[in-house]
Amino acid sequence: MQADGQLTVVVFDLGNVLITWDRRLLFRSVFDDPAEMDRFLDEVYTLEVNDRLDRGTPLHALCADLLREHPQHHDAITALRDRWVETIGPVIDGTVDVLRELVERGVDCYALSNWNADTFALIEPDHDWLRLFRGIVLSGHEGVTKPDTEIFRRLCVRYGVDPSRALFVDDNPVNVDAARAFGMDGVQFTEPIALRRALRERGLLP
């Protein structure tokens, strides 16, 4: 925590902080057998494979590669290609409320997310709260993902953010640790009430 109370910026992760992302939201409707779905997610569309999306590989190109490598999973991979948006769940309203309150209080807010540029474009028009951010940095545009501190550096250089005056909020503790190593304060997101408490402790909310 900043001892001098001079935090003036909040940087938010997006997925599972402000909006739900879960591969299973799509694939529960594709697989009848939960164990078969788990094998697909453990062996085919893994988090490591998803990292290729986050680093900028177009969705259609990724799925073409997967179809060549795993033709037996044609239906599931085609569903990923054509119905990716179904991996997105509800907005986390309590966090969006926090974002709105911070902006109303004059706190500069930014987004820093591991997110593919093409898939982000699918959801961006439907969520007006994204326009509350003074800037959004996506790994899919940058070709680098959290926890690499380079992506934190790019956000700060691009928008003139002083890391020592910024708080970073992410559900992944590895990313929070990376932000702290870069010189930011950091909070691991668990639920909106706990985030609100952390912001009050730092003087960012009343």
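This report walks through the aromatic contacts and salt bridges of the structure above.

## About the model

This is a predicted model, in which local features need pLDDT of at least 70 and side-chain atom pairs count only at pLDDT 80 or more, while totals for chains, interfaces and linings use all residues. Residues are numbered from 1 along each chain as its sequence is written, and side-chain values use heavy atoms, with hydrogens and water left out.

## Aromatic pairs

Let's begin with the rings. The structure has 10 aromatic pairs, where rings of Phe, Tyr and Trp (its six-membered ring) pair if their centres lie within 6.5 Å, and planes under 30 degrees apart count as stacked, over 60 as edge-to-face and the rest as tilted. One of these is the tilted pair of Phe-27 and Phe-31, with 6.3 Å from centre to centre and 50 degrees between the planes. Phe-27 is buried at a relative accessible area of 0%, and Phe-31 is buried too, at 10%; here buried means under 20% relative accessible area, exposed over 50% and partly exposed in between (1.4 Å probe, protein chains only).

Trp-115 and Phe-120 make an edge-to-face pair, because their ring centres are 5.5 Å apart and their planes stand at 85 degrees. Both of these residues, Trp-115 and Phe-120, are buried.

## A cluster and a charge

Phe-27 and Phe-31 belong to one aromatic cluster together with Phe-40 and Tyr-45. Tyr-45 also has a charged neighbour: Arg-23 lies over the face of its ring, 5.9 Å from the ring centre. For such a contact, NZ of Lys or CZ of Arg must be within 6 Å of the ring centre and within 35 degrees of the ring normal.

## Salt bridges

Now for the charged pairs. There are 18 salt bridges, each being a side-chain nitrogen of Lys or Arg within 4 Å of a carboxyl oxygen of Asp or Glu. Arg-81 bridges to Asp-82, with the closest N and O atoms 2.8 Å apart; Arg-81 is partly exposed at 37% relative accessibility, whereas Asp-82 is exposed at 52%. Arg-83 and Glu-86 form a salt bridge as well, their closest N and O atoms lying 2.8 Å apart. Glu-86 is partly exposed at 35%, and so is Arg-83, at 28%.

Asp-177 and Arg-180 meet in a salt bridge of 3.6 Å, N to O. Both lie in helix α10 (residues 173-182), 3 residues apart, about one turn of the helix; helices (H or I, at least four residues) and strands (E, at least two) are DSSP runs numbered from the N terminus. Asp-177 is partly exposed at 46%, as is Arg-180 at 44%.
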